[in-house]
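Thank you all for coming; I would like to take a few minutes to walk through one chain with you. Please have the sequence and the model open while I speak.

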Amino acid sequence: MPKRSEPVATVKNLTVKFRYNVALEDLTVEIGRGRVLLLGSNGSGKTTLMRVLSGLLRPTRGTVRVLGHDPFRESGELYSKMLYSRDVEDIPYMLKVSTVIDMLSDIYGDSKVDKAVKLLKLEEHTFKRIGELSKGLRRRVSMIEPLSSGRELILMDEPFSGLDAESRIIIARALSDLPKKTTLVIASHIPLNMGIDQMIVLEGGKLSYNGPYNDEVARKYLAWMEELTGGAKAQRA
Ligand SMILES: Nc1ncnc2c1ncn2[C@@H]1O[C@H](COP(=O)(O)OP(=O)(O)OP(=O)(O)O)[C@@H](O)[C@H]1O
């Protein structure tokens, strides 16, 4: 059993370069256990960091360990302990919700999946195909797996963006039901405070804040976002 004080991930001098730009530059940070908010404006490097942590992207420089593994070389071992929940579009549109539920039940067991389906208020939508669902409902379907997986670490990229208020509330409640031993890292461009233990702010691929949730940092970030976007983007979830 890992100690609560042990970080889930350590990132040292991480640089990720693409052909024309540097997405992350010499980033050093420890990601602790609990609820972690990875905050940053568009293009600040959040998704790049998530992709490196989940072994989908190889660092240009630096070292990364996640739950004791090199995510790029040992993704097989890592995937039994962590899950990267990316996008609703990962689920084929022709599948019925009930088929998704059956497949996940085979992997994680009926009771965990049933509980997640109830928490996500999906019972009355199981006969529909993924392609028929609203974005909010599709996102809720994509949440069944992280909620029922029992993984030690779950990474989520913008789980609330572009959703209707009902789906946002349902997802937020369902996520708050995750066991405390599960570490949840949420990448977001808005400063959500849902019992956040650690807040990491990236700007231009560099670390601009790392510590407990801080209202002052959140306020400054929002003001800066408003200045940058004329207010429109910061209002949107
Ligand atoms: N595959 C890629 N090829 C080239 N450049 C990339 C690639 N992926 C990301 N980038 C660039 O790296 C920088 C960081 O992008 P990233 O997607 O990590 O930011 P983000 O904070 O997740 O932004 P968003 O909130 O818009 O998703 C951006 O300048 C982006 O254009």
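This is a predicted model: local features need pLDDT of at least 70, side-chain atom pairs count only at pLDDT 80 or more; totals for chains, interfaces and linings use all residues.

Let me begin with helix α1, residues 46-53, which is largely enclosed by the rest of the structure, because 6 of its 8 residues are buried. The buried residues in α1 are Lys46, Thr48, Leu49, Met50, Val52 and Leu53, and a residue is called buried here if 20 or more other C-beta atoms lie within 10 Å of its own. After α1 comes glycine 55, which has a positive phi, near 80°.

Now let us turn to the strands. Strand β1 covers residues 9-17 and strand β2 covers residues 22-31, and the two pair in the antiparallel sense over 6 bridges. With 4 residues between them, β1 and β2 form a hairpin. Strand β1 is also joined to strand β4, residues 61-66, by 5 bridges, and these strands run antiparallel as well.

Finally, let us step back to the whole chain, which is divided into domain 1, made up of 32-64 + 176-237, and domain 2, which is 86-142. Taken over C-alpha atoms, the centres of domain 1 and domain 2 are separated by 27 Å.

Terms used
Residues are numbered from 1 along each chain as its sequence is written. Two strands pair if DSSP finds at least two bridges between them. A residue is buried if 20 or more other C-beta atoms lie within 10 Å of its own, exposed if 12 or fewer, and partly exposed in between; C-beta atoms are placed from the backbone. Domain bounds come from an automatic or database domain assignment.
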